[in-house]
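Okay, everyone, thanks for coming. Let me put the model up on the screen and we'll walk through a few parts of it.

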Amino acid sequence: MRHTYASSLAPDGSAIAYIVRERGYPKAVQVALTDDGLGDERPVKLPVDGPVTRVLHSPDARWIACEVSPLGTERLETWLVSTDPAIPGAKRLQLSGDAKTMLVEWDRDKLAMDAVDADGITEGRLVDPETGDYAVLDRRTDSLLVSAESGHALMRVGPRGSRELLLVKPDGTWLPLLRPEPGAMTDAGTILRDESATADGRVTVIACSDHSSDRRRVLRIVVDGRDVTAEEWIGNPDSDVDEFVISEDLTTAAVLWNTSGVSLLDLLTLGDDQKVLVRRSVELPGMVASGLSITDDGELLSLTVEGPNLPPTVEILRTSTGKIEPINVDRTRRIAERAQENYIPELVHFTARDGLELSGWLYHGEGEDAAGPQPVYIHLHGGPELQSRPVNHDILTTLVDSGVTVFTPNIRGSSGAGRSVLHADDRYGRFAAIDDVADTARFLVDTGIGDPERLALGGRSYGGFLSLLVASRYPDLFRCIVDACGMTSFESYYGSTEPWLAAAAYPKYGYPFQDAELLRQVSPLNRAAGIVTPVLFIHGEWDTNVPERESLQMRDALGARGVPTEYLRVPGEGHKFAKPKSRRLIAAALLDFLGDHGLVTTPNLAPLDSRIAEMKAGAPGVED
């Protein structure tokens with residue numbers, strides 16, 4: 001199905017740009033917005049082969065900045081394209097020493113961006129789109145520029161899981177916005193444009209943070225000289241803030257809440273000093289939303305909405321009415337909306353052995369034999385601090401359609417359940433996270449949902465890594481294991497991944513020197529002797545996040561001991577599998593593998609075999 005997502009409204013409301021995933025790598029398109037409706041999609045042509053990951057309109061609507069992942073690697077590039085079809089070509093905003101560049105926002109007529117070198121040192125830059133000339137706002141190790149306004153910069157600093165924001169002033173002096181609080185995450189924010197405040201040295205920042213709270217909320221922070229005053233702007237004791245945006249004229253804002261994985265959208269009407277005058281909730285046409293973008297006058301808001309078997313779709317909302325005006329009202333969309341009703345998962349809660357409450361989403365298989373315990377595939381999310389949510393997941397839907405019940409748990413270390421749960425798996429907490437997976441399987445069996453003889457476990461990235469660890473510690477619990485691009489040895493992973501990714505992993509998994517013994521114990525390669533379960537390995541050809549060596553060495557170690565393994569290298573993909581044909585190939589391989597190990601028990605295998613062959617026919621080498 002066609003996916004549209006990651007939209008950017010032109011600040012004057014004249015156009016919208018977004019990413020389309022339909023065939024090949026995801027591409028960017030631009031569409032005019034007029035009183036008569038939407039214009040035709042105009043492809044944004046870029047001279048680089050890889051998925052577009054972000055688009056951003058300039059304030060004057062003359063430029064679209066695009067962030068691209070060459071061949072799906074982590075070495076992102078930034079390109080500028082004119083919105084005028086008569087002006088061809090694209091400008092690459094990259095210096096010879098840049099390992100990757102990322103979009104931040106526009107500061108008036110300059111593009112704010114991050115440039116990271118091979119050693120993980122970040123420059124926050126302001127770039128002139130006409131000349132390519134740039135000024136450096138700040139430069140420091142393991143940091144990111146998150147907002148720029150009138151010579152001021154907001155820099156995210158600190159290790160993963162304990163981050164804060166620094167305000168860097170035009171004269172180069174800087175100060176932290178909040179007092180130090182280990183374990184607090186203050187990692188997103190925006191400097192408000194206020195000419196009078198900037199003139200007298202006062203600066204207002206709106207920031208997302210769980211500082212002094214177990215939940216992520218929005219703070220309003222005023223900096224006057226060296227004096228800093230912070231207060232809660234918007235909060236919810238039962239939800240985390242996922243995103244917020246505020247219009248350039250400071251009249252309108254929008255907040256996306258994450259409540260047990262489901263998105264809720266609030267529209268805010270603002271008064272003086274951003275006081276919330278009116279707060280309205282908007283009904284969303286899908287269970288999960290992301291990617292807020294707002295026009296300068298606050299009249300239009302765009303966002304992406306998706307759900308189980310409901311593909312991501314960009315929607316436009318008129319804030320005056322609170323009504324969503326879908327961009328893609330077509331037969332495919334309406335079919336997807338109807339189909340979604342058959343795939344709404346059940347949110348269930350259960351308890352780990354130490355009393356911690358966990359949760360997960362249960363997708364009941366559509367098999368002919370729906371009575372009694374079912375074959376279950378437990379899918380672990382990545383991160384580890386991501387969250388299983390009721391999003392569109394085409395590969396897992398294939399399993400559900402084939403009679404396999406799918407459970408996507410949120411064990412300790414997942415986001416969405418508060419700060420204490422988020423940090424519960426850090427470093428030495430990893431062993432408790434391993435036990436959580438075993439407790440998940442036992443919960444499914446004890447409640448009669450899962451057949452103890454037909455349980456499978458898998459995941460991508462961290463999820464694949466953890467699946468191997470669980471298989472080594474609980475060798476008789478699962479029928480088979482799926483590891484998609486997971487780390488297998490921290491010695492080799494830290495030495496071969498991108499340097500900035502290795503440094504970011506230390507606080508979660510362990511530091512090479514201080515935690516050397518811990519890292520040895522949580523490296524699946526060192527525990528290969530305990531694994532007896534058949535394993536399917538899946539890895540992208542161009543993965544620079546977790547290099548393919550991680551899967552290959554684990555496959556070889558298991559094969560040397562006689563453990564059955566299968567291996568799928570996905571051509572033209574990096575750490576994420578972006579092409580529809582690649583995802584069909586993965587779905588076919590996964591279905592085949594689970595069928596070989598007794599989880600797919602369709603009485604008449606001919607239709608299933610035909611379906612697998614059809615998916616494989618769309619594999620790499622045959623363009624969609």
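I'll talk about a strand, then a pair of helices, then the nonpolar cores. Keep in mind that this is a predicted model.

So, the strand. Have a look at β19, residues 202–209. Seven of its eight residues are buried, so the rest of the structure largely encloses it. On one hand, β19 pairs with β18, residues 186–191, in the antiparallel sense, over five bridges.

Okay, helices. How do α5 and α6 pack, at what angle and how far apart are their axes? α5 covers residues 430–446 and α6 covers 462–473; the angle is about 80 degrees, and the axes are 9 Å apart. That makes α5 roughly perpendicular to α6. From α5, the contact uses Arg430, Phe431, Ala433, Ile434, Asp435 and Val437; α6 brings Tyr462, Phe465, Leu466, Leu469, Val470 and Arg473. By type, that's nine nonpolar, three charged and no polar residues.

Now, Leu466 comes up again in the largest nonpolar core, which has 56 residues. Leu466, Phe478, Phe490 and Tyr509 are the ones with the most contacts inside that core. Take Phe490: leaving aside neighbours within four places in sequence, it's in contact with Phe465, Tyr509, Leu519, Val522 and Ser523. There's also a second, separate core of 32 residues, including Met287, Val570, Leu590 and Leu591.

That's my tour, thanks.

Methods. Residues numbered from 1 in each chain as written. Predicted model: local features only at pLDDT ≥ 70, side-chain atom pairs only at ≥ 80, totals over all residues. Heavy atoms only, no water. Axes fitted to C-alpha atoms, helices over the stretch in contact; angles between N-to-C directions. Helix = DSSP H or I, 4+ residues; strand = E, 2+ residues; numbered from the N terminus. Parallel < 35°, antiparallel > 145°, perpendicular 65-115°, else oblique. Contact = heavy atoms within 4.5 Å. Nonpolar A, V, L, I, M, F, W, Y, C, P; charged D, E, K, R; others polar. Buried < 20%, exposed > 50% of the residue type's maximum accessible area, 1.4 Å probe, protein only. Pairing = 2+ DSSP bridges. Core = buried A, V, L, I, M, F, W, Y, C linked by side-chain atoms within 4.5 Å.
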